[in-house]
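Colleague: I've got a fold open and I'd like to learn how to read its nonpolar and aromatic features. Can we walk through it together?

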Amino acid sequence: MKGYMTRSAPPRADGTIEALRGLGYTTESALADLIDNSISAGAKRIDVDFHWNGGESWIAIGDDGHGMTDPELDQAMRLAERNPLVERSSSDLGRFGMGLKTASFSQCRRLTVASRRYRNSSCLRWDLDFLANEAGGDWLLLEGPDNGSRDRIASLDQKEHGTIVLWEVLDRIVSSGFKDQDFLDLIDRVERHLGMVFHRFLDGSGSSVELRVNGRKVRAWDPFLTWHPATWRSPEVPIGAAGWKVYARTHVLPHKDRMTDKEFLEAGGPDGWSSQQGFYVYRGRRLLVPGSWLGLGRGRSWSKDESHRLARIRLDIPNSSDTDWKIDIRKSTAHPPVRLRDQLTRLAEDARERARRVFLHRAQSNTSVGRSEEVAPVWISKDLTSGRKYLVDRSHPAVQPLLEREGDTAERVEAMLRVLEETIPVQRIWLDTAESGEQARAGFTSTPSSEVMQVLLVFYRNLITLKGMSPELARRQLLATEPFDLHPDLVASLPDEVSSHDPSGTTQ
């Protein structure tokens with residue numbers, strides 16, 4: 001360059017690669033990065049095979065994609081050979097030209113890639129131990145597999161086209177004390193992760209891929225329970241415009257009471273219910289962020305908490321906006337551009353509020369989210385100068401008749417209510433929920449119908465004998481009263497004629 005004195009300052013291969021090994025990949029995220037390449041190469045079947053042999057264990061990722069010629073493989077094995085700013089196909093899941101190498105180096109010391117195209121095969125290898133012994137620090141690619149490794153890529157010879165990536169010397173996986181059971185646990189973790197990240201390729205909703213781990217098909221994990229009739233979902237809405245446009249769709253998952261134990265366990269996802277809430281950011285249908293509030297919030301960023309765990313928002317962004325969203329090399333983080341934050345925040349606020357209502361109250365139908373606002377609650381909250389208090393609503397049909405009784409009954413009931421209000425274990429309930437992920441049972445959940453009916457009959461008689469309601473009006477009142485609104489079948493079965501009983505249950 002004119003006017004400048006320059007000198008060449010190439011980095012040493014051994015030191016650079018050792019530094020790149022610390023980018024923070026997990027085994028499952030590293031394998032997902034390699035599968036991105038297979039999908040971009042048009043693969044219809046991808047096999048991930050784990051082979052346990054102690055310190056000699058190895059992992060192979062094979063596909064039936066279009067493969068690479070020798071010059072293409074040479075380019076693919078070089079670091080950052082493609083400029084991430086260059087425009088790419090909308091279906092290209094790559095960006096930095098680093099994933100194959102950095103993901104592999106994070107897990108192993110020997111990376112071999114063999115590819116076949118037009119029935120011609122090529123094979124190149126990075127060996128970190130070889131580079132460490134090179135005094136010059138040169139970037140030296142080795143040709144062909146290591147001695148004794150040829151059988152591990154031999155299956156490629158049976159294909160007309162495809163690629164195999166081989167990881168050997170798994171020093172970041174098979175570390176000191178690592179046992180065969182740990183290897184099996186790792187396989188299970190990888191399978192769950194891949195089923196989550198690529199679920200839109202595995203569920204048949206679009207262009208599909210068959211993904212197998214040790215010969216077993218990976219099952220898609222749908223974070224939105226789109227198949228469940230009680231899942232609430234919004235229409236897909238565009239946010240932003242032109243090159244900034246993204247598409248969002250809100251989902252509020254059903255209350256636990258609307259799911260079987262197995263459904264509830266599976267819906268929690270690989271990281272559990274609380275961790276999996278928030279935005280799910282996709283790029284080319286590939287999941288980047290599996291649940292995060294993306295630093296959004298009013299005043300301070302929202303944290304993940306139990307009351308909003310049912311909110312999950314699908315967000316599709318184009319790969320042309322990687323820079324704007326600050327997508328990292330590992331494709332594991334995303335930060336919304338400033339110009340979209342307000343719209344995304346409003347979208348999330350609505351989702352969080354809907355999810356909170358469902359979390360607090362069991363959904364009544366497939367189309368509603370939370371209890372009807374017309375239902376009379378037992379408990380109400382009130383903000384006082386000393387803080388928020390939870391009070392029993394004195395106008396509730398179960399309470400008001402007792403407060404209207406003659407004698408000292410009203411005084412005694414009022415005293416009992418005050419004791420309940422002053423001793424409600426808010427902190428204990430919050431702590432138990434946070435620690436176990438289970439919320440307190442309410443609304444006669446899991447209570448035998450016979451027991452619910454006993455209580456229901458008491459209040460039914462009260463409405464008829466003390467309030468003078470007709471049986472039909474009394475039933476309508478109960479359907480609009482917490483917690484009996486959760487049991488419409490029992491309310492409907494109440495008889496038209498009831499014996500005259502005292503509210504306490506004794507015959508007059």
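This is a predicted model: local features need pLDDT of at least 70, side-chain atom pairs count only at pLDDT 80 or more; totals for chains, interfaces and linings use all residues.

Colleague: Is tryptophan 379 buried or partly exposed, and where does it lie?

Modeller: Tryptophan 379 is in strand S15, residues 379-384. Its relative accessibility is 37%, so it counts as partly exposed, since the buried class means under 20%.

Colleague: And how do I read the inside?

Modeller: In soluble globular proteins, nonpolar side chains tend to be buried together. Here the largest nonpolar core has 52 residues, and Phe50, Trp167 and Phe198 have the most contacts inside it. Helix H6 (residues 180-197) supplies the largest share of this core, seven residues. Another core, of 35 residues, lies apart from it and includes Trp302 and Leu344.

Colleague: Which residues does tryptophan 167 touch?

Modeller: Leaving out residues up to four places away in sequence, its contacts include Ala30, Leu34, Trp58, Cys108 and Arg110.

Colleague: What about ring pairs?

Modeller: Look at distance between centres and angle between planes. The count comes to 13 aromatic pairs. In one of them, tryptophan 52 and phenylalanine 178 are tilted, at 6.1 Å centre to centre and 40 degrees between the planes. Tryptophan 52 also forms a tilted pair with phenylalanine 183, at 5.2 Å and 45 degrees. Tryptophan 52 sits in the loop between S1 and S2 and phenylalanine 183 in helix H6, so this pair ties together parts 131 residues apart in sequence.

Colleague: Which residues do ring pairs link into a cluster?

Modeller: Phe50, Trp52, Phe178 and Phe183. Within that group, phenylalanine 183 is buried at 2% relative accessible area, while tryptophan 52 is partly exposed at 36%.

Methods: Residues are numbered from 1 along each chain as its sequence is written. Side-chain values use heavy atoms; hydrogens and water are left out. Helices (H or I, at least four residues) and strands (E, at least two) are DSSP runs, numbered from the N terminus. Buried means under 20% relative accessible area, exposed over 50%, partly exposed in between (1.4 Å probe, protein chains only). A nonpolar core is a set of buried Ala, Val, Leu, Ile, Met, Phe, Trp, Tyr and Cys residues joined through side-chain atoms within 4.5 Å. Contact means heavy atoms within 4.5 Å. Rings of Phe, Tyr and Trp (its six-membered ring) pair if their centres lie within 6.5 Å; planes under 30 degrees apart count as stacked, over 60 as edge-to-face and the rest as tilted.
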